Number of protein chains: 2
Amino acid sequence: MASIKPSVPKGTRDFSPAEMAKRNFIFDTIKSVFRKYGYQQIETPSMENLSTLTGKYGDEGDKLIFKVLDSGDFLEKAASIKKVQGELLNLVNQALATDELLKEHLNAFKVQKGDDFEELYEIFKDGMSTMINSEEQVIGLFKTYLTSKNIVSEISEKALRYDLTVPFARYVVQHQNEITFPFKRFQVQPVWRADRPQKGRYREFYQCDADVVGSPSLLNEAEFVLIYDEALSKLGLSDFTIKINNRKILSGIAQVINKHDSIIDLTVAIDKLDKIGLEGVIKELLERGFTEADIEKIKPIILLQGTNEEKLVSLRQALGNSEIGLLGCAEIEKVFEYIAACKPLGAILELDITLARGLNYYTGAIFEVKANGVAIGSIGGGGRYDDLTGMFGLKGLTGAGISFGADRIYDVLEELNLFPASTDQSTQVLICCFDAEAEAFALPLLQQLRANNVNAELYPAGTKIKKQMDYANNKQIPFVILIGTEEMQSGQLSIKNMQSGEQEKLTAEQVIAKF
Amino acid sequence: MASIKPSVPKGTRDFSPAEMAKRNFIFDTIKSVFRKYGYQQIETPSMENLSTLTGKYGDEGDKLIFKVLDSGDFLEKAASIKKVQGELLNLVNQALATDELLKEHLNAFKVQKGDDFEELYEIFKDGMSTMINSEEQVIGLFKTYLTSKNIVSEISEKALRYDLTVPFARYVVQHQNEITFPFKRFQVQPVWRADRPQKGRYREFYQCDADVVGSPSLLNEAEFVLIYDEALSKLGLSDFTIKINNRKILSGIAQVINKHDSIIDLTVAIDKLDKIGLEGVIKELLERGFTEADIEKIKPIILLQGTNEEKLVSLRQALGNSEIGLLGCAEIEKVFEYIAACKPLGAILELDITLARGLNYYTGAIFEVKANGVAIGSIGGGGRYDDLTGMFGLKGLTGAGISFGADRIYDVLEELNLFPASTDQSTQVLICCFDAEAEAFALPLLQQLRANNVNAELYPAGTKIKKQMDYANNKQIPFVILIGTEEMQSGQLSIKNMQSGEQEKLTAEQVIAKF
């Protein structure tokens, strides 16, 4: 075993110091903006009760939940195993009884010497076929009971968090008496999904969510736009689009064509406009049972053009007297108004009527963020949902939230070369010593640097200077102080800028003042 | 289900905003000190291959590893299930064959009309008992194969991290070609243990580890003491003891009494001095096979008194000509010398010859940290281990490391009331509006505050001021700005200090200057 190179489970990753520095830059930036807008951090356990998670993500989602095996002798208490084992025991007991019975009959026959062989033959046949039948039944039970689907809930009562939303809903219901509403929380933790791993899709990845529950104000929606704008701008992105839509507008469109029940079909189709074009959308709408007349009414709505204000004007006309549709327009308008009152955005804010995003959740605003000029999916999304905590029995609590896709943001910043040169908060200066004497000389300086909050290291003596310099280079330490006989005598330290190669002689005080 | 109050799995915890603020204070402080000493952060996946973890923590440890159920149809590929199922099928086939055979014999008997009934009887008996035998064998197989111990490796190939040390060793071996040695890494991540939960012992908890591999210099040991000292002082602790020992000294003691092989017995016994006193230790040593003569030699070593320097003098005498023991003394002395050259400690540094701490790992220095005056176990520990990566096939790489017990530090700071008043980095000021007009007036101010990096919130309009003030109180927001008609007309804002109750009138600029 020792010779096999160790590895990590597929779909999971190690993060090196360089990667961690970049990831921390992303997380710290997002967290600081969340805090600035009044969101507070919580954490929930990595494991939730399986019953908390199942049934919340659809059948496909349920399959992707990682289950944790119960500790101890998990099979001991598995009902299905017990059941089959019990049937096997019955089988043996039954066989023994049959054996006994048949022996009796045989003995009786032997005593009577072949009185009625036909009867014996029948009894024998029945006995054997009962036994064979039972054996076949046990195999049937084995196949029926000992399935993964049956066994899983018997040997696993916990599962790894699949997202941050359901645990948050659980948290709010569980702690409702300790919480001051509106409750603005953010959460940055890993989630796990048993998805097939592929480029950019991992089995463990971080989610960064901010949600508010208990406040219907559209100021929250406006602030989510501001949060996206501020956080992504701080991360260095200059060209990105925040798309906004409203579920009520989509309901309005369905109302206009009198197809309230087909809203899912409608939105699934128009959501694809980007990918399959207008022709494709029309084809799909026809397949999904919409009429040519419906499509005539929908088309101008899908093809809305112009500024957000122009779109809203056209939309109001097209929505006619759909009350819910017009309410959606008013909501969007109010959000725009709030944003305008606050500050100009760095992002492009775009009303996109084709935006649906897992519509089932959302009841009001829907958000999605894209980095322009990079071939990558959305880097953020969210919306308002009126019944988040209903699944845990707490009704009528409205919520809204957004999420940042940290892994994709990482890839975008990497591709656009936007990471600052020094995301790394690590060592700023390395002291290199020629010998043990120099090391002893250097220790007070080392501690003086640290006392002044300079991240400093001393390379332990007894190593060639070349190797010490390599260490500084590999670790991207910007400055190196060299200490040899001359430096000890003069008290003038040689400090080298590793980037420029420049070297100067400074006193200890001057060195400290540099940082 | 909806009416059942949701909960978290036993031994796991939710962390509220107030708790997170305190936890972040601890983690951020420790991380900043790790960084100051040149340690860089890495992260490893929560799940490791089961084979990476098993056999590393002893049999008891292995039982406490949380295993993750394979996704998909995990039973389908379980060899034990297949085996038993196959045997069941064999059983049926065998029964059918026996049935056939017996029928033939019966038919033959029928034709010959009772020629040799004794023979038929024997054949029948054999056939039946073969069948019963097979059934009993299947039950045996069922019991033998379908055990938790057998099945676990067939249905689970991944497990949750049990500590940070083994994943780190795996990381070093896996990435050895990308790493610059000495490699100084820190890691702050949760670990999971299927321990019986109890006060202060959780199934999910964070570890904060710093380790260096590839550097034998005792400067590392000295810096670990400095890291403990600086981090715990920064956290507000003023009375704590850093205990240090050296495995080589323990080996020396064993050598003095010619019991090299009994070093574990020896250290397990003397490690208990604190708890069971000298009498208890002597009793235990006798039970473990040490002679009265041995104990006479050991006693003065166990009872070492005085300053660290005095202890070292006595120790050298007692260790006589034990080469390894004297080397241990020299190492400790060098560590003390390094520390003295750097700076005076806030902590008490104590040479404690009875300190052993999972001795099997350590080959040199051993550390343990205790908060004095608080009835709680150690809040940190570590040491040097000469063969960390050997378990993954990379031999001869020396390492040393320490760990902070974050949960215990939390409890200590709570008990001693040492958390700073504002660990919380959340909202600094809340703007309260009497109506929608005031809200509109307040938005530019809100954004101005945020532009100046003030964490600020506006309570959405339409709520009674009393409720808005309650919100500020519950969230411990230190300042509240009230905006009503008067404020809008005069431009003078009322700002209230929520702690003191003091209220003043300031312009927007003056408000911003306050923060």
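Modeller: We begin with a term: domain bounds come from an automatic or database domain assignment, and lining residues have an atom within 4 Å of a point of the pocket. This is a predicted model, in which domain 1 (12–68 + 159–238 + 378–383 + 396–422) and domain 3 (240–372) of chain A both give residues to the lining of the second largest pocket, so the pocket lies between them.

Biologist: What volume does the second largest pocket have, and which residues lie nearest its centre?

Modeller: Its volume is about 1600 Å³, and of the 43 residues that line it, R193(A), Q207(A), R357(A), S378(A) and R408(A) are those nearest the centre. By kind, the lining divides into 17 charged, 14 nonpolar and 12 polar residues.

Biologist: Which element gives the most to that lining?

Modeller: That is β6(A), with 5 residues; the elements of chain A that each supply at least two include α11 (273–287), β9 (365–371) and α15 (406–415).

Biologist: Turning to the copies, what rotation superposes chain B on chain A?

Modeller: A rotation of 180°, with 0.0 Å of shift along its axis, brings chain B onto chain A with an RMSD of 0.1 Å. That is the relation of a two-fold axis.

Biologist: Which residue of chain B comes closest to the rotation axis, and why can one say that the copies meet through the same surface?

Modeller: V68(B) comes closest among the residues of chain B, its C-alpha lying at 2.2 Å from the axis. As for the surface, 100% of the interface residues of chain B are also interface residues in chain A, so the copies meet through the same surface.

Key:
Residues are numbered from 1 along each chain as its sequence is written. Chains are lettered from A and ligands numbered from 1 in the order in which they are written. This is a predicted model: local features need pLDDT of at least 70, side-chain atom pairs count only at pLDDT 80 or more; totals for chains, interfaces and linings use all residues. Side-chain values use heavy atoms; hydrogens and water are left out. On a 1 Å grid over the protein atoms alone, a cavity is a set of points where a 1.4 Å probe fits but cannot get out, and a pocket is an open set with protein on both sides within 12 Å along at least five of seven lines; lining residues have an atom within 4 Å of a point. Grid points are joined across faces, edges and corners, and a volume is the space filled by probe spheres set on the points. Helices (H or I, at least four residues) and strands (E, at least two) are DSSP runs, numbered from the N terminus. Ala, Val, Leu, Ile, Met, Phe, Trp, Tyr, Cys and Pro count as nonpolar, Asp, Glu, Lys and Arg as charged, and the others, Gly among them, as polar. Copies are superposed by least squares on the C-alpha atoms of residues with pLDDT of at least 70 in both. Contact means heavy atoms within 4.5 Å.
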